[in-house]
Amino acid sequence: GRHRIGGSSRRERPPGAQRRMPDLERAFEPVPGGAHSDDGDSSKEVQTPKTPSSALGRALQSRPAFHKMRTSARLGYQTPQDKKRLMEETKEIEFSFWKILLLTSFFSSTLSFSIDNFSFISGVYRERFTTLTNVSGLAGITIQNVVIVLISRLVVRSTMECEGSGFPEMKAMLFGHMLDNYLTLRVLAIKAFGLASLLAAGLPVGKEGPNCHMAACIARNLDRDFVAKRARSVQGQAQISKLLMAACAVGVGASWSAPIGGVIFAMELMLPQVQDFTSYWGCFLAGIAGSFVYEVYRTWFAGATLLIPLMSTNVLPGEGSVSQVPILRMLLDVVLGIICGYAGGHWVRMHAQCAKLFKDFRTAAATKPANLTGLSEPLLGESPPSRVMGLITKCLGPLYRPLYNFQWRDLLICAAVTVLNTLWSAQVPLLNGKPQPLLLSNLFDKNLVRDREQWEFGPFGLVINFAMCGVMKWFMTMMALALSMPTGVVAPTMIIGGFIGRIFGSLLPDFLVDFILANPDGSPVTDDIRGAYMARFAIIGAASFCSAVTRAFAMAITVFEVISLPNDVLPLCSASIAAIFVANKVELPFFDRNLASRGLGGIPALTFTDHADAPAFSIMRQIDVTKDCLYFKTRLFDMHEMLKKFPKQGYFPVVRLLEDGEAVLVASMARRNVDRLINMLDPHATHPEALIDLMDPELQRPSDGSPPLIDGCPPHVSPSTTVKEVYLVMRVAHGEGAVYVTRDGCLLGDITFASLMSFQP
């Protein structure tokens, strides 16, 4: 340690140090007995005059490099000209903000359309060969898909920030955990390439999450100075959060051509944040601009016929929605939502287990060979290497170790999932490698059951065929999203929900369907009406299951916004709310489950569990005010010992002891400032017993204009304050520091940003 008992640790002072000693002697007086002094007589031993230049101030100002730079606290904040200047600076910042949003909308929509067009053309080509009637074509398309996925994996593996959907990272950044390395141009280019490759190979992955991530990368690199300058302050970080939230709205709006759904999704993703005018209208502007640009591209280049929308249906408004028992029909929709919620929660759990299984297999270390010759004696009783292996290792020589260290397990998983997906799709005529937009359109088609001869497989019946397709999509989506590749979850889970809705509708007895659809005027129930009713079940199932997986009500809004069936508003909302409520009882949301596995469980706990309403005292770290705090009058030696006792603690409370054993919180001091103060006042460890008054004004407002060493107004909350409110206090006013829990001014404990984010529900 710096301050040891005895003289062995004291170094020789340089010549300049002797000249500063008179000021230090006047600033400090040795404490008799060398203990903490916080009683009423301690003020007699340390004199800190209440004058503009205290003894401590004179000691700090005696440094050779000292230059007085402190100006009046009101300078620049008192005249009408100052107000005008600050308002002009704010307008310039807002102009840059809106400019970045518009440019992000344009470039993000352009990139999204390019990926969609490429994947759709590839999917139409792939569908021609993904069938059992053309064995040679199936073999060729399987090899092509495997090659595409392996090349994509080799490219993506060079930049791990491109893996996954990007939503968990976006949410972590919105909660204040900035990950600037996830927003580079390299990540943008590789993520776009990987996503387009997976979609071209026919793997059941979505593009909504990667689109939002790529939109954030575009916004980050359009004006590097804007983000770099804002990241230095708490207020600037709030502006970055607004920019990221608007990027989410751009990504969803460009993916679905659904600006309202994109805005609501961005708002839900940001809960429980503080939203204002800029974030609200910024999301709307970004979502609408992105959707508009995407529609212009689709109409201009594709003629509105080549590129099929992500969701379309031929069900007419009012068709299959008229019923003489609307309450019964609504109950059936809610039951479907409950089923989708239960299934969605378990699907998230199964996906997490599958991802862990893939990761364990991918990172499993093989037994390292003893040497390359294969001629040594076996170790620990293992069998000796065979002559063949010995000959191989001897011939390969220096090439053996690079081949041995090559991560073949990773590529094997990608190839196996691709082959299984291609061959399994070829087994089921309804799938046959169709691109996801086309498959969703088929599920929402009212004539799907009437044209069953074109896609029904074997003599298994309608329900079994839907079940086979649903099971295939259930497991293949789970495995595809477990790959370390750019993937999205929304579109493939909508397909799973569509099949669940079809199965649910097909299981209803015919007499019950006719009873529900019977018109009051006595007109007969036609096949078109029955088909439209079954298609509506598929639509509700798609929205409900996706809402259960993502825990985002915006999915129901997005489906309604794109499908535009006015009679489905209430069924979609009711079923989706029921699905979300049930899924919350089963498992965390898909994106938040990923965050919890990375040690950021506090984010989903604040959003989706009762932990957000828990009192602050239940999660605080209890503080022993006699051992874990700095006294407002303390020795340099005790400050140094506090650094040694708590090597990972970032902030130390400064207290004034009371007679009953409690202590009043008077200030807070960051760890770096404690070390800085020790080095400034006693760089050579010659006065460890010197007593310092931490409430000296010089420490809160140094005369050289440097940052304060003491926070005289530390953030504090009452013990009954909710955890959600504690988080908002950190985010809005004080950044990533510590919030102290006090009662009647007495210190009880503290809560740090890191502990709040790492909480495990």
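Which side chains meet in a salt bridge at 2.2 Å, N to O? Arginine 450 and aspartate 528 do. A salt bridge here is a side-chain nitrogen of Lys or Arg within 4 Å of a carboxyl oxygen of Asp or Glu. This is a predicted model: local features need pLDDT of at least 70, side-chain atom pairs count only at pLDDT 80 or more, and totals for chains, interfaces and linings use all residues. Residues are numbered from 1 along each chain as its sequence is written, and side-chain values use heavy atoms, with hydrogens and water left out.

**Confidence**

- The protein has a mean pLDDT of 79, and 78% of its residues reach 70 or more. pLDDT is the predictor's confidence in each residue, from 0 to 100.
- Helices (H or I, at least four residues) and strands (E, at least two) are DSSP runs, numbered from the N terminus.
- The pLDDT is below 50 over residues 366–385, a stretch with 21 contacts in the model beyond near neighbours in sequence. Contact means heavy atoms within 4.5 Å.
- Residues 398–405 also have pLDDT below 50, with 10 contacts beyond near neighbours in sequence.
- Where pLDDT is low, the predicted coordinates should not be read in detail.

**Salt bridges**

- The whole structure holds 18 salt bridges.
- Arginine 450 sits in the loop between helix H17 (436–443) and H18, and aspartate 528 in helix H21. The pair links distant parts of the chain, 78 residues apart.
- Arginine 450 is partly exposed at 44% relative accessibility. Aspartate 528 is partly exposed too, at 28%. Buried means under 20% relative accessible area, exposed over 50%, and partly exposed in between (1.4 Å probe, protein chains only).
- Aspartate 628 and lysine 645 form a salt bridge at 3.5 Å, N to O. Aspartate 628 lies in the loop between strand E1 (621–622) and strand E2 (630–631), and lysine 645 in helix H26 (residues 636–645), so the pair ties together parts 17 residues apart in sequence.
- Aspartate 628 counts as buried because its relative accessibility is 11%. Lysine 645, at 44%, counts as partly exposed.
- Glutamate 641 and lysine 644 form a salt bridge, with the closest N and O atoms 3.7 Å apart. Both residues lie in helix H26, 3 residues apart, about one turn of the helix.
- Glutamate 641 has a relative accessible area of 28%, so it is partly exposed. Lysine 644 is partly exposed at 47%.
- Salt bridges that share partners join Arg153, Arg157, Glu163 and Asp410 into one network.

**Aromatic pairs**

- The structure holds 15 aromatic pairs. Rings of Phe, Tyr and Trp (its six-membered ring) pair if their centres lie within 6.5 Å; planes under 30 degrees apart count as stacked, over 60 as edge-to-face and the rest as tilted.
- Tryptophan 474 and phenylalanine 545 form a tilted pair, 6.0 Å centre to centre with 50° between the planes.
- Tryptophan 474 is in helix H18 (residues 462–481) and phenylalanine 545 in helix H21 (residues 527–550), so the pair ties together parts 71 residues apart in sequence. Both residues are buried.
- Ring pairs also link Phe167, Phe265, Trp347, Phe590 and Phe591 into a cluster.

**Buried sites**

- Arginine 536 is found in helix H21. Arginine 536 counts as buried because its relative accessibility is 1%.
- Leaving aside neighbours within four places in sequence, the contacts of arginine 536 include Glu319, Arg329, Leu565, Asn567 and Asp568.
- In helix H22 (residues 554–563), 7 of the 10 residues are buried, so the helix is largely enclosed by the rest of the structure. Among them are Met555, Ile557, Val559 and Ile563.

**Nonpolar surface**

- Leu103, Phe106, Phe107 and Leu222 make a nonpolar surface patch of about 320 Å². Patches are made of residues with over 30% relative accessible area and no salt bridge: like charges are joined within 9 Å, nonpolar side chains (Val, Leu, Ile, Met, Phe, Trp, Tyr) within 5 Å. Areas come from the Shrake-Rupley method with a 1.4 Å probe; for residues, only the protein chains shown count as cover.
- Helix H4 (residues 80–127) gives the largest share of the patch, 3 residues.
- Phenylalanine 106 is in helix H4. Its relative accessible area is 37%, so phenylalanine 106 is partly exposed.
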